[in-house]
Amino acid sequence: RALRFPLDLSHDIWQNLMLYAEHTFTSWRGPAQPQHDEVVGQLEVKEGRTTRAAAEIDQLVRRGMSQLGDQIATRGDSLVVFNPLSWKRGGLVRFDVNTGTVLTDVSTGQPVAYEVVKSGNGYQSVRFWASDVPALGYKVYRMSPGPAVQPGRSEPESNIIQNKFYRLTFDPTRAAIKSIWDKQLSRELLNAESPYLANEYLYVTGGGDEKGRGNGSDATQLTHMAAFLPYANLQVHQPEGGQLVSVEKTPWGHVVRMTAHALNTPKIETDIYLYDDVKRIDIANHLHKTLTYAKEAAYFAFPWAASSPQFRFDIASGWVDPEKNMLEGADTEWFTPQNWVNVEDGWTSTTLAILDAPLVSLGDINRGRWPDKFQKESASVFSYALNNYWFTNTPAGQSGDFTFRYVLTSGKHLEPAYLSRLGREEMSPLELDQITSQDKALNTPRPLESAGGSFLQVDQPDVILETWKMAEDGEGTILRF
């Protein structure tokens, strides 16, 4: 009974998320009168729903990890890494340890090398690759004092890095990737004729000033699907003042850091991760955005090289080809993938997994043309990160600090089932729990193995366990595949 799942807490999380997402919650005054007391007060309540949900999610995860850790027969200080998905996998994990800590894989007895991300007073934030974490299970690492395994870090001066899968060339002036050469395919993944680079931040103005907001004399087709309205006069602004901050070699791969700025975006910080033994490229973009009520949008560009591209993206229960699967009258200028977007041309299959931005535009940015059918302007994928185009029930501006993360991979042909697993891995990170010797002061039975274990395995590679939950009437459990 002490381990019973807290259903009331779970219900409160979902209620807060749903009430935040319900768009008619806010006033019609939002875009036109953003400083009106009614608008300000409603948005404070609405944003409070996300703050509460985030705190409760953190509480739920910490509670579950604490209960899991208490059942494992560990000795001394340990780190428990939990995999919530139904297949074995690895991933980067980051946590804080005392300065001078040795990390040992309990299953092999071998020390694990890690990188020090930052140092504090007597402690360090470290990061390492946790490999082969069991399906819907856990793996344990022992922490003990001693000389840690920390290979020296190098900082090459070149703007090129590579592993056995890729060679990446950067353009520091735009804090973006100029070339991605796939060594296995012997092909360039980026379109050299595109005006944009990979992961280049694009800030777009036009379509309405601060006063009109597109509803009066300056209305355009950008948000109003009316043939008599003119097209919006959009202008794309690219980053400036970019520089390559560092290129570092770690025990698991390379980390590249670049910075730049753009219009209304005084800070763009980009981290790119290239792994030694995994065919993927991870990207994390951190932005600081200033407030404006003029209509705006922001994108990250990924101009793939494909002569006759076929686009696919996943939804909750399958995947979509926008050329073939859209109903008549459907919007075709932006889409909502669940986790990933794939572009394929018979020679190369390139996939972008998207973690933080739910919208994409395919072939071109959203220009408010409202075409009857999907039109392939190019093979480019534009992650539609920000916009304030809408004219009712939404905030008139957006500002503050944002993070947008992506994962790239490629091959001759990538099956959607494989991509669905990749996307789920990025949306369901490995969870951590640190156990100290004091946590096990009571000598109670601890039935779980000290090195690691799996609670459930699925022997069919095309089957995914989506949910394993206690039945709400308390009688048994429910599994959804």
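The model is predicted: local features need pLDDT of at least 70, side-chain atom pairs count only at pLDDT 80 or more, and totals for chains, interfaces and linings use all residues. Residues are numbered from 1 along each chain as its sequence is written, and side-chain values use heavy atoms, leaving out hydrogens and water.

Helices (H or I, at least four residues) and strands (E, at least two) are DSSP runs numbered from the N terminus. Helix α1 covers residues 7–21 and spans 21 Å from its first C-alpha to its last, close to the expected 21 Å, which is 1.5 Å times one less than its number of residues. Its buried residues (under 20% relative accessible area, 1.4 Å probe, protein chains only) are Leu7, Leu9, Ser10, Asp12, Ile13 and Asn16. Their cover includes α2 (37–71).

In strand β10, five of seven residues are buried. Two strands pair if DSSP finds at least two bridges between them. The pairings of β10 are listed below.

| Strands | Sense | Bridges | Facing residues |
|---|---|---|---|
| β9 and β10 | antiparallel | six bridges | Phe170 and Ile177 |

β9 and β10 form a hairpin with four residues between them, and Ala175 in the turn has a positive phi of about 50°. The hairpin of β10 and β11 also has four residues between its strands; there, Ser186 has a positive phi near 55°.

Asp132, in strand β6 (residues 123–133), has a positive phi near 55° although it is not a glycine.

How values were computed
Buried means under 20% relative accessible area, exposed over 50%, partly exposed in between (1.4 Å probe, protein chains only). Contact means heavy atoms within 4.5 Å.
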